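Trainee: I've got the model open and I'd like to go through the labels on it. Can you tell me what backs each one up?

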Amino acid sequence: MRIARFIQDSDPTFGVVDGDEGHEEIAVIKGDPFFSGVQLTGERHKLEDVRLLAPIIPRSKVVGIGKNYADHAAEMGGEVPAAPLMFFKPNTSVIGPNDPIVLPSFSDEISYEAELAVVIGRICKDVPLERVDEVVFGYTCANDLTARDAQRTDGQWARAKGFDTSCPVGPWIETELDTDNLAVRSYLDGELVQDGNTSEMVWGVRELVSYVSQAFTLLPGDIILTGTPAGVGLITDGQRIEVQVEGIGTLANIARG
């Protein structure tokens, strides 16, 4: 099931996306599916007639995972860490499909990072591996934009990873997905620049959710970014970056200086 968040008139609304590609419709959901389940109202719209928003704005946090693909760790001049490397992105960094990436004035080196993102569905802490599926609401595409110059100079990653618009997510949440073998790709102005697979992750989804939950209580709507494959590079004003995760769809955004 594909859960989207959209706006047609004035208020954000959740809906279920169905139909074949190019002919999708969105069936309106009553309330918030994170708390009241999926209750259809009977109202439907053509997908092309609505504006998709970020499928979730976390009430609490976005937890990023660094260097979770060995080829990416190598291209950044480092090695895979001994344990998952965690960082935060604030919820103010989250934007949705087709929203502009606002390039911050403090950086000249903004880099794209295509990622599979995990969306948490219930309050949880210290989740054992065998129970991770019980706490996951679904999965979406994400772009972990990073100010590389600030990352090098700041000593910690709050500014480099957390600036406004640095976390595009979408286009919707896929609730039923086997994450063990999914293509993760990005295209810059239509050119393939990243071409990885979740099978190459050092730590898989279950391991990451369990590990993160040992440190932090996870709340409904929290997002865990699972890392990016090799091929990261810089994005400049006017360029379009697309993130594709197999089984989910395509997340597209344009950078604006």
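Predicted model: local features only at pLDDT ≥ 70, side-chain atom pairs only at ≥ 80, totals over all residues.

Trainee: What makes strand 12 "mostly covered"?

Mentor: Buried means under 20% relative accessible area. In strand 12, eight of its eight residues are buried, so each of those residues falls under that 20% cut-off.

Trainee: How do you know that strand 11 and strand 12 are paired?

Mentor: Pairing calls for at least two bridges between the strands. Strand 11 (residues 114-120) is joined to strand 12 by seven bridges, so the two count as paired, and they run antiparallel. As one example, alanine 117 has threonine 140 of strand 12 as its bridge partner.

Trainee: And what makes strand 12 and strand 14 a pair?

Mentor: They share three bridges, again in the antiparallel sense. Two would do, so three bridges qualify them. Here alanine 142 sits opposite valine 169 of strand 14.

Trainee: Which strands contribute to the lining of the largest pocket?

Mentor: Strand 14 (167-174), strand 18 (240-245) and strand 19 (249-256) each give at least two residues. Strand 19 has the largest share, with four.

Trainee: How does the lining of the largest pocket divide by residue type?

Mentor: Eight nonpolar, four polar and five charged.

Trainee: What about the second largest pocket: what lines it?

Mentor: Its volume is about 160 Å³. There are 15 lining residues, with Lys67, His72, Arg148, Gln151 and Trp157 nearest the centre. Strand 6 (62-66) and helix 4 (148-154) each supply two or more. By type, the lining has four nonpolar, five polar and six charged residues. Lys and Arg count as charged, so Lys67 and Arg148 belong to the charged group.

Trainee: Last one: where does the domain label come from?

Mentor: From UniProt, where an unreviewed entry places "domain: Fumarylacetoacetase-like C-terminal" at residues 61-253. In the model, that span is 17% helix and 35% strand, and its end C-alpha atoms lie 22 Å apart.

Definitions and conventions
Residues numbered from 1 in each chain as written. Heavy atoms only, no water. 1 Å grid on protein atoms, 1.4 Å probe; cavity = no way out; pocket = protein on both sides within 12 Å on 5 of 7 lines; lining within 4 Å. Points joined across faces, edges and corners; volume = space filled by probe spheres on them. UniProt positions renumbered as here; feature names shortened; annotations may be inferred. Buried < 20%, exposed > 50% of the residue type's maximum accessible area, 1.4 Å probe, protein only.
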